[in-house]
Amino acid sequence: MKLKETHKSVIKTIKINWKQWIIILPSVLLFYFMVWRPIGVGTFLSFFKLQNYKPVEFTGLQNYKDVLFDTLFLKTLKNTASYVIWSLIIGFFPPVILAVMINEIVHGKNFLKFSIYLPVIVPSIAASLIWYFMYQAGDGGFLNMIIGKFGIAPSAWLQNQKMTIPLIIVSMTWRGCGSTMIMYLATLQGINQELYEAVRIDGGGLFRRFITITLPHILPVMLLLLIRQIIGVFQVMVEPMTMTGGGPDNASVSLSLQIYNYAFTYFQPERALALGVITFFLLIGITIFYFMADKKIGE
Amino acid sequence: MLKKIICVLLSAATVSMCLAACGQKEQADDSGKTVISVGGWPSDNQPERKAQMEGYVSKLNEKYPDIKIEPDEWTYDTNSFVPKASSGQLPTLYSTYLTEIKKIINAGYCAEITDEMKEAGFYDWLTPTMKDLVEKDGKIYGMPCGIYVMGLTCNTKLFKDAGLTDENGVPVFPKTYEELAKTASIIKEKTGKAGLILPTINNCGGWHFMNIAWSYGTKFMEQDSDGRWTATFDSPEAIAALQYVKDLKWKYNVLPDNAFVDIPEMQKCFATDQAAMYFSAPVDDALVETYSMPIDRYSIAPMPAGPAGRYALTGGMCYMFNANSTKEQIGAGLKWLENIGVTPFVNEEILKVTEDGYRLRQQEGKIVGIKSVSDWGNAESKKAKSKLVEKYANIDRRLVEQYEDNDNVTSKAEEPMNSQELYKILDACIQSVLTDKNADPAELIKNANSDFQKNYLDKIN
């Protein structure tokens, strides 16, 4: 009886807003086929042994056990966390600083905006290859040639296991900084200029304007972009794949790269799906944390 | 309401059926002809090759009018293979690398062709090594072709610059791994270029390392009487082999500075005179096609010997059939292969096809002049094909004759279980010894052996 009433109310809602429903129908279909259905089917299939992507035998949690007890799993998880942490250290603040700088300057604003945004249009594989060549070890490497001019000995760059992830993050920051900066800039330009005028009249300088006006206004966006960055970097794959192949000695292999390897290198889609589901739930956890934090800040 | 639900369900079913239909390739046309799609078809920017293939289609149709060939330009690559295979969009007949066969068979992406191979008379010509590659549980799943034994490819210019050629300009090829290190050292000292380049990523490092490890006496795995597999490479032999790789970097300093080397990077370094030697298949077309290397810089020697002998990986290509192929399609596919010269037999027609192939390669400026060292095919076939190689050779054959002799070289197929995963684990060991001067080969091999056992062999036991 309750179900019938629910159906009736859904149909009633659709009938009342049928024009709006038609407008969002393409998006709903796209979401269904490209996001919701793959998540559902992927999760379902991760509990089976697959042949040709068809379930042939229910294996329960075996695929999850195989993935979680793989000796590489912990290293992969640690690396992925390391990518995220380094991305926050290296990549989180430059867009904020650049946006505030561009917002403050009067001349050359458009040129700077364009210049900083330019790397965003470079495909990620191309950007990774550019940085791969810059980071080449030995005397012939681009960065080594530059530091050589100052009498500094050539560095191993990506081949130094401790440096691999931070250096990959530098390349990602170079490419991704522009788009984040534009979002901050849009928020900054939406701030009522009279507020800044008021601080100026009170004798406040750049720092005080930033603390009292800019920061409170961009804080919610910063939180949103923080979560977006964590989620984005958590799925890093193209950069380590292109620049290091996950090496040296698995020092840069990430969860997504491992999913790719399971699916496409070893033809073990079951394990790829299981690891995908694990990654999905880790990201869901982060997103829930974001919503909770957002709610708290809102209050 | 019920009517609406039925309408929606019917629409969904129709869409699903349409989508399902997209996933199936045509098996027979209206006139009852057997239709096979053939992958790797030349594209429009290869007019000579395309015309050649169209000629083969006409020839086939004269003999077998009931077979219809549908060209498909898709060629094997790891990124597109799984999506195409799982959606039923693979060509009926496709070719892949020998390194991929076991994975494809285990994943169920190919058809069994034992009966058809027997009917075509090819089965009996499969050597034990070939059977190891394409067989599972006594059933055959592929038709190997272009089988080769890996060799040591050498850059004649760098050898000459280092004073390492004889009076005929033929490089003095290293015979052992010790000599290889010394030769590479001389080249590095005299020319400043890397004496040797080894791949290190994308599983290629482990793959090429097999040559060294086997030659040092490494046994990677064994199966006991109960059928259980055990990893056995935590051994002094494997440690010595990895120590050798480490020495190439830190003792002899003959490798390039870059420790992330894939196959294209290796080919590029060799073709542009940045590295003097690398392990490879005979005739690496990318050297000339992609990097415009003058063909007279090419020479190849047999693999060097280690303390346990001279071992070389077997490589090549293999034709396989879409898992949905019918018996008629497989039969037709094997006829097509015979038609294009992929057969152990020889007759005038087949020799003509082979000759056309060499002529076209010569016209395209690719290297011709190396006789096959594979034992595929009958003696008559090998002799006739060797004559054609001599006829169309465009390189000094003295540069490749030692490879053709392949003196005392034992060719080996890949390790039987989880070879790709093994390569990945060994990649990490190689990267470690090449990037960390203090890396301990014994510790790395011990961990690698334990990881391989735990992550893979224990799963199949």
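Predicted model: local features only at pLDDT ≥ 70, side-chain atom pairs only at ≥ 80, totals over all residues.

Q: What is the volume of the second largest pocket?
A: About 1300 Å³.

Q: Which residues lie nearest its centre?
A: A:Gln268, B:Asn106, B:Met417, B:Asn418 and B:Ile460. The lining of this pocket has 44 residues.

Q: Which helix gives the most to that lining?
A: Helix 4 of chain B, residues 101-107, with five residues.

Q: And by class, what is in the lining?
A: There are 15 nonpolar, 14 polar and 15 charged residues.

Q: Switching to cores. How many residues has the largest nonpolar core?
A: It has 83. B:Leu196 and B:Phe220 are among those with the most contacts inside it. Helix 17 of chain B, residues 419-435, supplies the largest share, eight residues.

Q: What is B:Leu196 in contact with, leaving aside neighbours within four places in sequence?
A: Its partners include B:Leu152, B:Leu248, B:Pro256 and B:Met277.

Q: Now salt bridges. How many over all chains?
A: The count is 24.

Q: What does B:Arg361 pair with?
A: B:Asp285, with the closest N and O atoms 2.7 Å apart. B:Arg361 lies in helix 14 and B:Asp285 in helix 12 of chain B, so the pair ties together parts 76 residues apart in sequence.

Q: Is B:Arg361 buried or exposed?
A: Buried, at 16% relative accessibility.

Q: And B:Asp44, buried or exposed?
A: Exposed, with a relative accessible area of 60%. B:Asp44 forms a salt bridge with B:Lys50.

Notes
Residues numbered from 1 in each chain as written. Chains lettered and ligands numbered in written order. Heavy atoms only, no water. 1 Å grid on protein atoms, 1.4 Å probe; cavity = no way out; pocket = protein on both sides within 12 Å on 5 of 7 lines; lining within 4 Å. Points joined across faces, edges and corners; volume = space filled by probe spheres on them. Helix = DSSP H or I, 4+ residues; strand = E, 2+ residues; numbered from the N terminus. Nonpolar A, V, L, I, M, F, W, Y, C, P; charged D, E, K, R; others polar. Core = buried A, V, L, I, M, F, W, Y, C linked by side-chain atoms within 4.5 Å. Buried < 20%, exposed > 50% of the residue type's maximum accessible area, 1.4 Å probe, protein only. Contact = heavy atoms within 4.5 Å. Salt bridge = Lys/Arg side-chain N within 4 Å of Asp/Glu carboxyl O.
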